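Dear colleague,

Please find below the structure that I am handing over to you. My notes on it follow.

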Amino acid sequence: MATTGDHILISEYDGLPAPIVASAWGKQLLLQSVNDPELQQFVEFYQSGPQTPEAGVTCRDSTDATT
C-alpha cells in the first residue's frame with residue numbers, strides 16, 4: 001500500500017519481468033525488493049515529473065479501467 005502522495009497507484013499484476021516494477025508514463029524500474037533505495041528515488045523524481053502528460057491529476061480513488 002502506498003502511504004505517501006496522491007500520484008501513486010499500486011496494484012498486483014501477474015507476469016511482470018521482476019517482483020517489483022515501478023512505472024511512470026513510459027519509464028520503468030525493475031527491482032527485486034520494495035526496500036531497494038532506487039524505488040524511493042524513482043518515486044521522488046517521477047511522481048509529478050516532466051514526463052507526466054496530465055500534471056496535477058491524481059490516482060486517488062482510481063478504479064480498474066478494464067472493468
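Where is the place of isoleucine 10? Isoleucine 10 is found in the segment before strand 1 (20-24); strands (E, at least two residues) and helices (H or I, at least four) are DSSP runs, numbered from the N terminus. Because its relative accessibility is 54%, isoleucine 10 counts as exposed (exposed is over 50%, buried under 20% and partly exposed in between, with a 1.4 Å probe and protein chains only).

Please note that this is a predicted model, in which local features need pLDDT of at least 70, side-chain atom pairs count only at pLDDT 80 or more, and totals for chains, interfaces and linings use all residues. Residues are numbered from 1 along each chain as its sequence is written, and side-chain values use heavy atoms, with hydrogens and water left out.

The protein chain has an average pLDDT (the predictor's confidence in each residue, from 0 to 100) of 76, and 64% of the residues score at least 70.

Serine 33 belongs to the loop between strand 2 (27-31) and helix 1 (37-46). With 29% relative accessibility, serine 33 counts as partly exposed. Serine 33 is 13 residues from isoleucine 20 in sequence, and their C-alpha atoms are 6.3 Å apart in space.

Yours sincerely
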